[in-house]
Amino acid sequence: MKIDYDKYFLQQGCPVCNSSNNKILYKNIIHTCHEKAGVQISNADAPSDVLICEDCGHHYLSMTVKDEIINYYYNAVNSEYYDTVKDKPFDRRAEDTKKFANLIANECRGSKTVLEIGSGMGYLLNQLNLKGFDCYGVEPSKFASAYSRDMFGLNVITELLTPATFPNKKFDIVIMSDVVEHVSNINALFSIAQEYLVDGGKIVILTGNTDSLYAKFCGRKWLYYFSWEHVSFFNKKSIQHLFKAHSLKLDFFTKTQHSGTLAKNLFIIGYTFFSMLRNFFGIRKENYYYMAFDHFIAIGKK
Ligand SMILES: [Zn+2]
């Protein structure tokens, strides 16, 4: 099949610092097909590499699905993630957000108003709401945003954030959890987010960590690289670079797991090792492994 690359894909420099100095870290990553977004492309038709920026250390896809296609997909079709929670909305993630909400409350003492960009099912905002924060969210998925309104009575708008979403409103805290890795023009989003922050306000990021041992252990088969939805892969150096470009100072940084208990994450490491052995001996052919202890939380202060 001959693909019209320009219709679907964008090739760009480093999304964080715009540099075109890069080297290939992993060639021709295996991706999930993007059928739901109307992109009928096999991996062979659209080889995409993970590049490493030689200036800021950021990792990114050499070829990313265009924003207008992926935005349609988030609005109308919903993220791949929601397929898995539709049938069992009360999964572990609801528990995990309690811990995250505690951390945010501790690190942002004295704050009252919260904006979550990409508020998903509303689990985190609900926890913050219960702690007394005045919470607002934006979420492009109709399914997830409706769920968060109906189930938790949250103030969530179904759209992608623009400067007009909350006219004349500023927030003490802006949260992006499982968001920055999805956005190809991350500088544009950060400019908008920064404008919504009060002076001294804090921006809270949870995302995958390319410096984590698990990511390095899995290499090209890290689950995080497996979805077309993920275009940008951060580490401490590249998130600091992004913060600095938007007049934010790194205020807090910790390595963490994406979700699940300590025991579950340890189990995943063991299982990954087992899967690698099976791959090595040709018993199975796993295209990807999983995720364990491979995220970080970074807080930037305006
Ligand atoms: Zn860069």
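Visitor: I start at helix α7. Which residues there are exposed?

Guide: A188 and E195 are exposed. Keep in mind that this is a predicted model.

Visitor: Which residues of helix α7 are buried?

Guide: Helix α7 spans residues 186-195, and its buried residues are I186, F190 and A193.

Visitor: How do I read that spacing?

Guide: Start with the general idea. An α-helix has 3.6 residues a turn, so residues three or four places apart point the same way. Now the case here. Look down the axis of α7: its buried residues fall within an arc of 65 degrees, so they line one face of the helix. The exposed A188 and E195 sit on the other side of α7.

Visitor: What do the buried residues of α7 pack against?

Guide: Strands β6, β9, β10 and β11 (232-233), plus helix α9.

Visitor: Several strands, then. In what order do the strands of the open sheet stand?

Guide: The order is β8-β7-β6-β9-β10-β13-β12. That is 7 strands, with mixed pairing.

Visitor: Which strands stand at the edges?

Guide: Look for strands with a single partner. Here they are β8 (156-157) and β12 (249-256). Each has one partner strand, so one side of each is left without a neighbour in the sheet.

Visitor: Take me across from the β8 end. How many bridges join β7 to β8?

Guide: There are 2, and the two strands run parallel.

Visitor: What do β6, helix α5 and β7 make?

Guide: They make a right-handed β-α-β unit, with α5 covering residues 123-130. Follow the chain from strand to helix to strand and you can trace the unit on screen.

Visitor: What is the partner of L115 in β9?

Guide: That partner is V174. Strands β6 (residues 113-117) and β9 (residues 171-177) pair in the parallel sense over 3 bridges.

Visitor: Which residues touch the most other members of the largest nonpolar core?

Guide: V114 and V174, in a core of 69 residues.

Visitor: What is V114 in contact with, beyond its neighbours within four places in sequence?

Guide: The list is L128, F133, D134, C135, Y136, F171, I173 and I175. Check them against the elements you have just traced.

Visitor: Next pair. How do β9 and β10 run?

Guide: They run parallel, joined by 6 bridges. M176 stands opposite I205 in β10. Helix α7 comes back here: β9, α7 and β10 make a right-handed β-α-β unit.

Visitor: How many residues of β10 are buried?

Guide: The count is 9 of the 12, so β10 is largely enclosed by the rest of the structure.

Visitor: How do β10 and β13 run?

Guide: Antiparallel, over 7 bridges. A facing pair is L206 and I297, the latter in β13.

Visitor: Why does H295 count as buried?

Guide: Burial is a neighbour count, and 20 or more C-beta atoms within 10 Å make a residue buried. H295 has 25 C-beta neighbours inside 10 Å, so it counts as buried. Leaving aside neighbours within four places in sequence, its contacts are L206, T207, G208, N209, T256, Q257 and H258. S259 lies 36 residues away in sequence, at 9.2 Å from C-alpha to C-alpha.

Visitor: Which strands does helix α9 lie across?

Guide: Helix α9 (residues 236-245) lies across β10 (197-208), β12 and β13 (295-301). Its angle to β12 is about 155 degrees. In α9, S238, I239, Q240, L242 and F243 are buried. Their cover includes α7, β10, β12 and β13. Just after α9, S247 takes a positive phi of about 55 degrees.

Visitor: Last, the whole chain. How many helices and strands does the protein chain have?

Guide: It has 10 helices and 13 strands. Of its 302 residues, 41% are buried. Among contacts with a separation of 6 or more, 74% join residues 24 or more positions apart.

Note on methods: Residues are numbered from 1 along each chain as its sequence is written. This is a predicted model: local features need pLDDT of at least 70, side-chain atom pairs count only at pLDDT 80 or more; totals for chains, interfaces and linings use all residues. Two strands pair if DSSP finds at least two bridges between them. Helices (H or I, at least four residues) and strands (E, at least two) are DSSP runs, numbered from the N terminus. Two residues are in contact if their C-beta atoms, placed from the backbone, lie within 7 Å. Axes are lines fitted to C-alpha atoms, for helices over the stretch in contact, and angles run from 0 to 180 degrees between N-to-C directions. The arc is that of the directions from the helix axis to the C-beta atoms. A nonpolar core is a set of buried Ala, Val, Leu, Ile, Met, Phe, Trp, Tyr and Cys residues joined through C-beta atoms within 7 Å. A crossover is right-handed if, with the strands pointing away from the viewer, the path from the first strand over the helix to the second runs clockwise.
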